[in-house]
Amino acid sequence: MNFWNDPLKVAATWLEGIFTGWGMDAVLAHVLVVFLGVLLLITVLMVLDIFLVWIERKVVARFQDRIGPNRLGPFGLIQPFADIIKLIIKEDTTPDGADKVVYNLAPILSMMSVLILWAVVPLAPVMLGIDLNVGVLFLIAAGAIGTLSIIMAGWSSNNKFAMIGGFRQVAVMVAFEVPMLAMLMIPTIFAGSMNMNAIIEAQNVWFFFISPLAALIFLIAAIAELGRAPFDLAEGESELVAGFNIEYSGMKFGMFYAGELLHAFTFGGFWSILFFGGYRFFGLEQVSPFLAILILVIKAMLGYWVIMWVKYTMMRIRIDQMLGFNWKFLTPLSFALLLVTALMNTLLRGAAGWLFVTGMFLSNVVVGWIALEIARSVAHKERERVEGPKKVVEAHH
Amino acid sequence: MTGTQIIFLIFALFTLGSALMVVTTRNLIHAALWLVATLFGVAVIYTLLNAGFMAVVQVVVYIGAIAILFIFAVMLTRKDLRDNVSQMNKNWWAGAIVAVLTFAGLVFTLQGWSGFSKTAAAVPSGFDAISQLGDKLTSPAAYVLPFEVASVLLLAALVGAVYVAFNKK
Amino acid sequence: MIPLSWYLILAAALFGIGLFGVLVRRNAVAILLGVELMLNAVNINLVSFWRYGDVSTMAGQVFAIIVFAVAAAEVSVGLALVISVYRRRNTVVADELDLLKW
Amino acid sequence: MTHESVTSLVWLIPLPPLLAFALIVLFTNKNKALSHTVAISAAFLSWLGAMIVFWNAVKTEHFGEHPFASAVNWLPTGETWLKVGVLIDPLSAAVLFFVGWTVLMIFIYSVGYHNYGQPAGDHDHKGLPPHGATVEEHGHKHVVPSIEPMYSRFFAFIGLFAFGMYTLVVSDNLLTLFVGWEIMGLCSYLLIGFWYGKPSARNAAMKAFMTTRIGDVFMLIGIAFLYYATGTLTYREIFTEETLHVLATVPSGVFGLSAAGLIAILLFIGTVGKSAQFPLHVWLPDAMEGPTPVSAMIHAATMVSAGVYAVIRMFPLLTAGWHEGAPLNSAMTFVAFIGAFTAIFAATIAVAQNDIKRVLAYSTISQLGFMIAAIGMGAYIAAVFHLITHAFFKALLFLGSGSVIHGMEHGVLHTGNHNVDPQDMFNMGGLRKKMPITFWTFLIGGFALSGFPLVTAGFWSKDEILADAFANGHLTIFITLAVAAFMTAFYTMRQITLTFLGEARTKEAEHAQENKWTMTAPLVVLSFFAVTYGWVGIPEHFPLLGGIIPNWFHEFVGGTLAEHPPVLEFNIVPLLTSLAVALGGLFFGWLVYRNVNSPAEDKLQIPFLKNKYYFDEMYEVIFIKPAVWFSEVFVSKWMDKGFIDGILHLFGPATGGVGSAIRNYFDLPVINQFLGDGSADATWWVGKNLRPIQTGRIQQYLVLSLVVLFVVGGLLYFLLLA
């Protein structure tokens with residue numbers, strides 16, 4: 001066991017050795033080491049977050065045929081730091097009539113709900129916070145805290161726009177949790193476990209190729225959960241000014257903002273873990289844990305890029321349409337897909353690998369096609385209803 | 001006193017304290033948020049009981065759905081959100097007495113039971129609570145019927161809730 | 001190790017607090033909050049009996065899961081009723097909802 | 001196809017028309033095109049099934065011994081089961097063949113007859129025949145036929161009718177036969193009264209229904225007696241030698257008949273009603289009020305044939321104890337007498353009728369008489385043969401007459417003179433040039449009916465009946481039937497002459513037009529069978545022609561019976577007779593009527609014949625008037641209002657007295673005041689004193705209930721456990 005094979009464990013053993021060498025209690029030393037590890041992870045994430053601001057701005061600029069930040073440092077790399085300094089020195093206001101404790105707690109919870117997710121992310125085969133056997137559910141549980149933070153922010157601001165924004169966001173998040181949970185069950189079915197590591201290990205063939213529809217639905221639900229365009233109704237500038245975070249300024253706003261970016265990146269990571277093999281890439285992950293981390297980060301970045309791509313090319317959807325889309329289309333579709341997948345899994349159990357993959361893929365295509373056909377016919381009827389019935393040609397006898 | 005006992009005591013006190021805040025605070029939103037805290041405490045208690053799955057489900061279902069629903073309901077009925085008057089009815093003393101009596105009665109009854117202070121055997125190694133739970137919930141020999149009845153109940157509640165809350169105008 | 005009694009007393013206390021909430025709160029929503037506390041107390045009992053009894057039967061956890069479902073159903077219907085009552089009577093104070101009196 | 005799969009196909013034959021009926025009534029009612037498509041498709045499917053079954057039956061060696069038969073349990077009757085099933089033996093196969101063809105043709109014909117594709121009428125009403133629609137074309141208006149307003153309804157009814165007929169043919173027992181029989185009775189009622197807006201149609205429908213009902217009641221009695229005597233209604237179980245022997249020897253106690261004879265006569269009375277034999281023949285001419293396809297359906301293809309079919313089915317029962325060449329038993333004598341009498345009786349009436357359809361109606365009655373007489377003589381195969389050939393050429397004639405009427409209606413619409421009856425033959429004349437297809441097909445049908453020698457089917461079948469009568473020495477019957485045959489040829493030629501030959505006697509006849517292909521095509525198809533069907537049954541010993549084509553029909557249908565009927569020796573007398581009567585009748589018919597232009601010039605318009613021997617008037621006096629008197633005066637006025645109501649009126653005051661006594665001396669003081677009011681007062685008092693607890697506050701209730709729980713629980717705990 002050397003550092004390059006299992007860096008975390010070696011470092012932890014080494015540190016614990018040092019602490020106990022100082023005469024510290026063994027349990028306390030262990031707790032301290034874990035605490036330091038968490039601190040390290042969070043620090044790395046926060047620093048990454050800063051660069052995410054830069055990446056986001058650069059990417060959106062390219063989408064919009066601009067250059068983006070380019071003044072401060074090479075390629076404008078120093079720009080986010082300037083932004084942070086600006087946010088920190090801005091006046092930190094709390095509106096009159098606001099519920100102070102809740103108001104100040106909300107951004108913290110928001111950030112926390114994102115950071116807590118990383119506890120279950122397997123960075124490399126040997127590197128992950130906790131090997132939770134319900135890792136997939138943990139994702140939803142953390143999302144619940146994010147929901148809570150937004151409704152707290154919306155309510156405590158003592159502002160109608162914020163309140164409506166909070167309402168909307170919560171309605172959306174609670175709604176899209178349902179298809180998301182259903183889609184999380186599909187990798188679980190394939191892997192036979194809710195453990196993140198087990199799911200990655202099971203992906204000899206990426207689950208994306210086994211169940212592309214599930215990956216797609218998960219992505220849509222994830223974007224809705226993030227509250228990014230086209231689902232950014234909680235902020236809806238044109239209607240709600242800035243929605244739930246209207247009263248926040250300075251670093252508290254900065255925390256919502258950074259939280260959202262990191263959240264997007266995190267979901268990119270989860271997308272790649274659940275459907276694109278996580279840190280696995282043709283055995284390269286076995287070479288070194290650091291290579292595995294690199295692979296995961298690259299995949300997460302690609303996922304993040306897809307989320308950005310969607311955000312900057314789609315327009316915002318009306319709230320009722322969005323909830324209708326979820327309850328009337330996405331939720332039934334995801335349940336149907338879950339049923340079909342479970343059934344096919346039972347049928348194809350023990351079949352040859354290629355047969356399993358092909359069968360699953362085809363069943364996905366069929367389910368998706370049927371759903372689209374139903375949606376089309378319903379839309380057709382709706383259009384007829386709105387436009388009035390077609391003129392009946394008088395039958396002549 | 002071991003580490004686990006300390007952790008238990010800390011979270012038990014946290015749970016009970018937040019629960020007390022739930023029933024006494026005048027601001028209903030705060031009450032709902034205190035409920036969230038209580039539920040968290042209970043989730044921790046579950047993990048102490050080696051029921052990690054229950055803990056996560058507790059967070060998903062209670063905090064992710066039920067608590068949120070409560071906050072919604074409170075906001076939708078905002079007219080009664082006055083927090084300058086007492087939120088308790090005038091018979092609160094009777095309620096308090098009955099509640100204390102209940103607690104006392106429960107403890108009194110329980111302490112006469114032989115298994116009251118027994119300790120837990122270690123969970124057998126290789127015991128996978130989640131797959132066991134899944135098996136039991138879907139096995140005809142075990143609890144598939146209650147499970148299905150519960151799902152029907154949920155469906156009925158869903159329909160009923162939509163019907164009751166639907167604004168007919 | 002923690003003896004079973006600690007969990008049972010915790011659950012009993014939580015139940016009592018919840019009962020207190022149910023009995024004294026004026027707001028119907030707050031009453032439902034109390035009910036949630038009581039249900040959680042029950043769940044703690046169920047899970048701890050599972051842990052301290054025969055682990056392999058899973059009965060405690062199964063019933064706790066069913067209590068989750070029941071709680072979700074109770075809250076959805078209960079809150080729907082509260083909102084419906086609020087629309088009609090413009091109040092959610094339990095004492096004012098006394099049409100069933102003599 | 002295997003034997004089994006054909007047998008299961010038999011089950012399916014009656015179903016398509018029934019489905020079509022349901023579909024049209026329930027769904028496609030509004031859409032005329034869809035309705036007739038459904039109905040004709042159904043008829044086609046049944047036809048297809050019938051043809052497949054028939055073909056397989058013909059192919060099977062010794063089919064009589066291996067018929068297509070299967071049965072399922074239906075009703076439990078104590079220890080046994082009442083079975084229903086299907087049976088296709090040579091007889092029903094032959095019948096199925098002509099039923100399939102005629103039904104399909106009639107369905108197709110109806111499309112044209114009811115003016116499909118024409119505009120809706122100007123002032124047509126449901127329940128009345130269409131009156132024509134005004135159409136504007138090239139700026140000038142003229143009247144064209146309009147579509148039947150209840151077009152879909154018609155197809156629904158004939159669909160049900162076809163179902164009834166197929167059921168009757170394929171069933172293997174008397175019960176389902178009776179079911180099909182009654183379905184047809186209902187449908188004939190509905191269809192004769194199809195134009196229910198016309199009082200005459202309504203009356204005709206009722207008359208037909210009531211008259212046939214008389215026969216049906218006797219038939220049901222016969223069925224019940226048969227079931228009582230044998231314990232089964234399935235043909236193949238009844239027609240075993242032992243059963244027949246028992247039935248033939250057990251006396252019934254009525255008129256000295258054996259059980260078999262009585263049952264046969266009872267069943268035969270059903271046939272008398274259904275097949276319009278004397279004396280229950282009166283309904284059939286009136287049934288001409290229905291649309292023409294209905295006439296063809298009822299009088300040729302199905303219902304009346306059903307009557308004869310039923311008697312033929314019961315042949316073994318009728319002839320139980322009789323053998324070929326022996327003197328007829330009493331039941332057979334009765335049947336033969338009725339048949340022969342009807343044959344000549346109806347023929348005399350037909351001579352004096354002017355309505356083109358009525359002539360055919362009486363002709364039908366007469367021809368059915370031939371068949372009945374043949375059965376009565378034991379000439380089984382001749383009866384079946386004539387049944388089938390008659391079905392073809394009579395359907396042809398009815399459809400042809402419908403075509404004539406339709407063409408005449410066209411002329412009536414053209415001139416606008418609605419006083420001209422398009423059915424009166426004296427209004428016609430010269431139609432052979434206007435309606436050539438109708439003329440030639442009608443001619444073929446008419447010659448077949450007359451028994452025109454050698455080429456037509458009617459000749460061979462009628463000749464066989466006459467030959468049978470002569471060979472077995474039933475001279476009276478032979479002479480009667482020969483005279484009837486002569487008259488048949490005579491009135492047929494009269495009809496053809498008046499209708500088609502000579503010059504047009506009215507403007508309407510000048511403007512008559514040939515009809516669409518939907519009407520003429522069935523005529524052509526049926527005329528093909530009217531000619532060729534006779535050739536399958538040419539007797540082997542016939543001079544010159546005999547033996548060129550083997551006498552397939554005799555072989556095939558004869559296989560139905562356990563004992564194959566012997567082949568008749570050829571005799572020149574009946575042949576010469578039939579040649580003479582057919583040709584002579586035709587010649588005289590032409591001779592007498594070639595120059596007759598109006599009813600006044602017609603020497604044979606004898607009131608006695610024209611009024612059908614006053615049978616309707618006689619029934620009116622003998623049965624209907626007394627029945628009306630009995631129901632209106634005796635039952636209603638005397639019994640019901642006088643006697644029964646009087647008793648009831650006595651009951652009223654008596655009950656009232658008892659009631660008021662109970663009320664005043666028991667109910668009011670005891671029940672009301674003491675039990676009722678007393679308990680209410682008590683409840684009220686308790687409620688009033690308890691109501692302060694009911695605050696309506698849920699939390700108080702909860703506290704109270706918990707307190708009670710603690711108190712009771714504590715008491716129980718300390719008292720019981722401690």
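These are my notebook entries on a predicted model, taken one part at a time.

**Entry 1: chain D overall**

I began with chain D and counted its elements: 28 helices and four strands. Next I looked up burial, and of its 722 residues, 50% count as buried. I also checked how far along the sequence the contacts reach. Taking contacts in chain D with a separation of 6 or more, 77% join residues 24 or more positions apart.

**Entry 2: two helices in chain D**

How do helix 7 and helix 10 of chain D pack? I noted that helix 7 covers residues 199-230 and helix 10 covers residues 259-274. Their axes are 7 Å apart, and the angle is about 155°. An angle over 145 degrees counts as roughly antiparallel, so helix 7 of chain D is roughly antiparallel to helix 10 of chain D. I looked up the handedness too, and helix 7 of chain D passes helix 10 of chain D in a left-handed crossing.

Then I went through the residues that meet there. From helix 7 of chain D I wrote down several, including T211(D), I214(D), F218(D), G222(D) and A229(D). On the helix 10 side of chain D, A259(D), L266(D), G270(D) and K274(D) are among them. Sorted by class, this contact has 14 nonpolar, six polar and two charged residues.

**Entry 3: nonpolar cores**

Which residues have the most contacts inside the largest nonpolar core? I found V384(D), F392(D) and L481(D), in a core of 216 residues. Helix 17 of chain D, residues 380-415, gives the largest share of this core, with 21 residues.

Not counting residues up to four places away in sequence, V384(D) touches L91(D), A94(D), I312(D) and V557(D).

**Entry 4: where chain C touches chain B**

I turned to the contact of chain C with chain B, which takes 64 residues from chain C and 74 residues from chain B. On the chain C side, helix 1 (4-24), helix 2 (28-52) and helix 3 (59-89) each supply at least two residues. Which helix of chain C gives the most to this side? It is helix 3 of chain C, with 21 residues. By class, the chain C side divides into 45 nonpolar, 13 polar and six charged residues.

**Entry 5: F8(B)**

I picked one residue of chain B to look at in detail. F8(B) sits in helix 1 of chain B, residues 3-24. Is F8(B) buried or exposed? F8(B) is buried, because 20 other C-beta atoms lie within 10 Å. Leaving aside neighbours within four places in sequence, I found F8(B) in contact with L48(B), I2(C) and W6(C). I also looked up G41(B), which is 33 residues from F8(B) along the chain; their C-alpha atoms are separated by 9.7 Å.

**Entry 6: two positive phi values**

Last, I checked two residues other than glycine with a positive phi. For D65(A), phi is near 60°. D65(A) lies in the loop between helix 2 (26-63) and helix 3 (79-89) of chain A. D65(A) counts as exposed, because there are 6 C-beta neighbours inside 10 Å.

For M58(C), phi is near 65°. I placed M58(C) in the loop between helix 2 and helix 3 of chain C. Is M58(C) buried or exposed? M58(C) is buried, with 20 other C-beta atoms within 10 Å.

Note on methods:
Residues numbered from 1 in each chain as written. Chains lettered and ligands numbered in written order. Predicted model: local features only at pLDDT ≥ 70, side-chain atom pairs only at ≥ 80, totals over all residues. Axes fitted to C-alpha atoms, helices over the stretch in contact; angles between N-to-C directions. Parallel < 35°, antiparallel > 145°, perpendicular 65-115°, else oblique. Left-handed = near helix turned anticlockwise from the far one by under 90°. Contact = placed C-beta atoms within 7 Å. Nonpolar A, V, L, I, M, F, W, Y, C, P; charged D, E, K, R; others polar. Core = buried A, V, L, I, M, F, W, Y, C linked by C-beta atoms within 7 Å. Buried ≥ 20, exposed ≤ 12 C-beta atoms within 10 Å, placed from the backbone.
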